[in-house]
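Let's take a walk through a protein together. Have the picture and the sequence ready, and turn the model as you read.

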Amino acid sequence: MAHILVTFHSQTGNTEKMARAVAAGVGQAQNARANLKKALETTAGDIRECDAVVFCSPEYFGYMSGAMKDLFDRTYEELKDEPRSVKKPYCVVIAAGNDGTGALRHIERICKGYRFKKVQNPIICKGPVTPDILAHCRELGETIAEGINAGIF
Ligand SMILES: Cc1cc2nc3c(=O)[nH]c(=O)nc-3n(C[C@H](O)[C@H](O)[C@H](O)COP(=O)(O)O)c2cc1C
């Protein structure tokens with residue numbers, strides 16, 4: 001059973017819609033379940049116990065949200081050298097007004113520090129969350145779950 005953690009922060013709902021679509025995509029895969037959780041409530045244990053993580057953050061001031069940074073701040077020391085966490089597959093979903101590259105760059109940089117393994121290209125939504133973006137998010141969730149079950153990631 002593929003167990004995918006989808007952790008998100010959202011103030012106005014855009015990132016949350018994308019995170020929910022990723023989780024729905026996980027649910028479309030055979031033998032998979034998503035743990036959809038707010039970043040502020042996500043723990044080192046949630047990361048340790050999952051098979052892959054999708055980090056979903058808005059871009060604020062050219063950076064990830066403070067809540068997503070808080071998750072990294074709280075869990076880095078505990079997880080960075082754990083055999084069960086090193087090389088954990090991950091990918092990133094960003095909601096932005098018109099950019100998103102700053103948030104993405106900084107999340108990927110931190111994930112390198114944990115030695116997580118990027119397994120899918122990021123999704124960046126610039127502006128309103130469209131049905132196309134949500135379809136892409138669902139596809140991402142399904143692909144990650146199926147990749148875990150197939151032993152590809
Ligand atoms: C405080 C603040 C800072 C923001 N900074 C940026 C930014 O640097 N670059 C950008 O593209 N959008 C920026 N935005 C726009 C948000 O990224 C965008 O509205 C996003 O969809 C919000 O996601 P949310 O609804 O999940 O909070 C900012 C929004 C806020 C509230």
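**The overall build**

Of the 153 residues in the protein chain, 44% count as buried; a residue is buried if 20 or more other C-beta atoms lie within 10 Å of its own, exposed if 12 or fewer, and partly exposed in between, with C-beta atoms placed from the backbone. This is a predicted model, in which local features need pLDDT of at least 70 and side-chain atom pairs count only at pLDDT 80 or more, while totals for chains, interfaces and linings use all residues. Residues are numbered from 1 along each chain as its sequence is written.

The protein chain has 5 helices and 7 strands. Here helices (H or I, at least four residues) and strands (E, at least two) are DSSP runs, numbered from the N terminus. Along its principal axes, the C-alpha trace spans about 35 × 35 × 25 Å.

Now for contacts: two residues are in contact if their C-beta atoms, placed from the backbone, lie within 7 Å. Among contacts between residues at least 6 apart in sequence, 82% join residues at least 24 apart.

In soluble globular proteins, nonpolar side chains tend to be buried together. The largest nonpolar core of this model has 48 residues, and those with the most contacts inside it are Ile4, Val6, Met18, Val22, Val54, Cys56 and Val93. Strand β5 gives the largest share of this core, 7 residues. A nonpolar core is a set of buried Ala, Val, Leu, Ile, Met, Phe, Trp, Tyr and Cys residues joined through C-beta atoms within 7 Å.

Helix α5 covers residues 131–149, and its 19 residues should span 27 Å at 1.5 Å a residue; the end C-alpha atoms are 27 Å apart, which agrees. The expected span is 1.5 Å times one less than the number of residues. Its buried residues include Ile133, Leu140 and Ile148, and the buried residues of α5 pack against β1, α1, β2, β3, β5 and β7. After α5 comes glycine 151, whose phi is positive, near 75°.

Helix α3 has Ala67, Met68, Leu71 and Leu79 buried. The buried residues of α3 pack against β1, α2, β3, β4 and α4.

**Around the ligand**

Which residues come nearest to the ligand? Of the 18 around it, they are Ser10, Thr12, Thr15, Pro58 and Gly97; a residue counts as near if its C-beta atom, placed from the backbone, lies within 6 Å. Elements α1, β3 and β5 each give two or more residues to this shell. The shell divides into 5 nonpolar, 10 polar and 3 charged residues, where Ala, Val, Leu, Ile, Met, Phe, Trp, Tyr, Cys and Pro count as nonpolar, Asp, Glu, Lys and Arg as charged, and the others, Gly among them, as polar.
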